[in-house]
Amino acid sequence: MHRPKRFRALCAALACACSAAVSWAADTFDTSAGNLIAVLRQTPGANQQEDALQPFGKVRASLPDGREVEIEASWFQYLGDIHVRLVFDSEREVMTASPDDLQRLQLDPQQAMAKAVENLRRRYGTPVAKPWSGGLMQVEGSSYDLNSSYFLDRDFWVGQAREHPDGLVVSVPARGGLVFAPAGDQAAVTSLRFSTVALYTGNRRSRISSALYLFKDGHWSVYEAPQQLP
């Protein structure tokens with residue numbers, strides 16, 4: 001089957017991530033359930049309409065030394081062009097969790113994600129929504145690069161949406177950026193649309209998604225599809 005270049009590039013990145021993880025000694029990372037967290041990354045060209053954990057499955061990729069390998073990690077397409085990576089955390093690095101790790105920890109993907117969010121809150125704090133410009137709200141924890149991971153904290157979004165029956169429009173353009181507006185405030189949504197483009201194009205190395213997402217009635221959906229931006 002022919003694979004798009006962007007998909008092949010993602011597979012190569014997966015191979016590098018996994019091979020790097022293997023190079024670490026077994027005792028370098030704490031691979032217990034209490035050290036599992038989730039990070040968001042982009043899948044260029046994807047646009048999954050509803051939130052669901054769809055495993056990447058096994059892929060073949062070329063390592064830098066030319067070897068062909070078949071690899072599998074706990075990566076899941078999630079929503080729009082966002083995918084979730086389950087990883088073990090340390091002070092300076094993360095190590096990709098494998099399906100075997102989840103089996104060892106007796107966690108299915110949904111349970112693993114719930115545990116990852118619990119660990120995120122415990123280690124990096126409960127997310128806080130702070131007023132931003134243009135009627136927008138910015139979500140923050142104690143680790144800038146993990147602000148985007150609070151996109152997965154459903155309890156947080158349920159709490160924020162209680163006063164907004166039309167739901168919340170949410171943007172996660174970069175690892176350190178997570179911004180939202182009430183869906184019923186069209187001026188704020190317009191501001192969010194322009195802010196998303198600026199944050200996404202200004203963070204080439206850490207960009208996640210150019211899309212807008214709707215959180216309503218406890219569920220996520222795509223509000224505006226990802227854009228093809230430079």
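This is a predicted model: local features need pLDDT of at least 70, side-chain atom pairs count only at pLDDT 80 or more; totals for chains, interfaces and linings use all residues.
I started with α3: it has 16 residues and runs 22 Å from first C-alpha to last, close to the 22 Å expected at 1.5 Å a residue (expected span is 1.5 Å times one less than the number of residues; helices, H or I of at least four residues, and strands, E of at least two, are DSSP runs numbered from the N terminus). Numbering goes from 1 along each chain as its sequence is written, and side-chain values use heavy atoms, with hydrogens and water left out.

Next I looked up which residues of α3 are buried: A112, M113, A116, V117, N119, L120 and Y124 (buried is under 20% relative accessible area, exposed over 50%, partly exposed in between, with a 1.4 Å probe and protein chains only). They cover an arc of only 165° around the axis, so they sit on the same side of α3 (the arc is taken from the directions from helix axis to C-beta atoms). Exposed Q110 and R122 are on the face turned away from that buried side. Among what covers the buried residues I found β1 (36-42), β5 (75-79), β6 (82-89) and α2 (99-104).

Then I checked the ends. At the start of α3, a side-chain oxygen of D108 comes to within 3.2 Å of the backbone nitrogen of Q110. Just after α3, G125 has a positive phi of about 95°.

Beyond neighbours within four places in sequence, F151 is in contact (heavy atoms within 4.5 Å) with L40, Y78, L79, I82, W157, V170, V172, L178, Y213 and W220.

Note on methods: A polar contact is a pair of N or O atoms within 3.5 Å; within protein, one must be able to donate a hydrogen and the other to accept it, and residues adjacent in sequence count only if both atoms are side-chain atoms.
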